[in-house]
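Open the model in your viewer and keep the selection panel at hand.

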Amino acid sequence: MTNRNGILLHSPLTHAIASVRFAPWANLPNKIAEIQDELRDIAPLLNAVQIQTDPSLPGHHSAAGGSPISQAWLLMASDKSFCIQFASDQLLMFATKYTRYSDFSSTYKRALTVLLKHMRFVDVINMGVRYIDKITAKPDEQISDYISDKWLPPALSGYDRAGGTVFGEYNKDTTRLRVTAQSLPNALPVPNDILGMLLMSQGPGTEIQFQGTTDKDLILDMDSVTAFSPPRRMEAEMVSINLDRLHSIANDFFRNSDAITDHAFSVWQGEN
């Protein structure tokens, strides 16, 4: 039996996102200079941006014209491997380099601690932890060698399966897990809202080039979210506990044998 635990040496993960959305704090613009100064040692770059958001989704940006527009500030690592977004109603972090959750979460928790030093507490509306994987089969393999057929478009007699998108939604206690598996050739290798985050982090006038997906690729999007109605007042420790739980639910799905094959974990861990 292939070991599904631990750090994957050849992980397919391309983006990790953590987000907490809360009741708006109008004083953020007056405090952002102090917040940035306290985080400059890990995130020395700063962009001020206008964002459109969907308040119902913890880690998503909306391109819809009717969505509300608000001010946000992006604090970034010098190599732009992670970005922390501060908005009056959200603290979001996304990373393009990821080794282990403990490292990722410690950066988010530090940003949260700095924010709450000024804000004192948050009334949380929703929160989420989201992972994007680009799963690529080798030239002599099929994508079905890596992911269960349950997450591929059904085969149809007399037709060649060209690709498609499979969506699933699951409940576990108070958490909802949304999973999307996209196996469409010539598609973007990242979801549209992730593309928006990347563009904002690069600054105005910067172009990002992506190579389209092939029939050997599948984009797996796992979004673990929970909502609170009415909003729940939390301090930093309780926010962290909830984010850890959301991570565990998404991670358990990824390591479930009903989703990802033994062969995939053997390849990603570099085993013979």
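Which residues in α1 meet which residues in α2? L28, K31, E34, I35, E38 and L39 in α1 meet R110, A111, V114, L115, K117 and H118 in α2, where contact means heavy atoms within 4.5 Å.

Before selecting them, note that this is a predicted model, in which local features need pLDDT of at least 70, side-chain atom pairs count only at pLDDT 80 or more, and totals for chains, interfaces and linings use all residues. Residues are numbered from 1 along each chain as its sequence is written, and side-chain values use heavy atoms, with hydrogens and water left out.

**Stop 1: α1**

Select residues 28-39. This is helix α1, with 12 residues; helices (H or I, at least four residues) and strands (E, at least two) are DSSP runs, numbered from the N terminus. From first C-alpha to last, α1 reaches 15 Å, close to the 16 Å expected at 1.5 Å a residue, the expected span being 1.5 Å times one less than the number of residues.

Now colour L28, I32, I35, Q36 and L39, the buried residues of α1. Buried means under 20% relative accessible area, exposed over 50%, and partly exposed in between (1.4 Å probe, protein chains only).

**Stop 2: α2 and its two helix partners**

Keep α1 and α2 on screen. They pack at an angle of about 135°, with their axes 10 Å apart. Axes are lines fitted to C-alpha atoms, for helices over the stretch in contact, and angles run from 0 to 180 degrees between N-to-C directions. α1 and α2 are therefore oblique to each other: angles under 35 degrees count as roughly parallel, over 145 as roughly antiparallel, 65 to 115 as roughly perpendicular and the rest as oblique.

To see the contact, select Y101, Y108, K109, L112, T113 and L116 of α2 with A236, V239, S240, L243, D244 and H247 of α4.

**Stop 3: L220**

Go to L220 in strand β9 (residues 217-234). L220 is buried, with a relative accessible area of 1%. Leaving aside neighbours within four places in sequence, the contacts of L220 include Y131, I147, V179 and F254.
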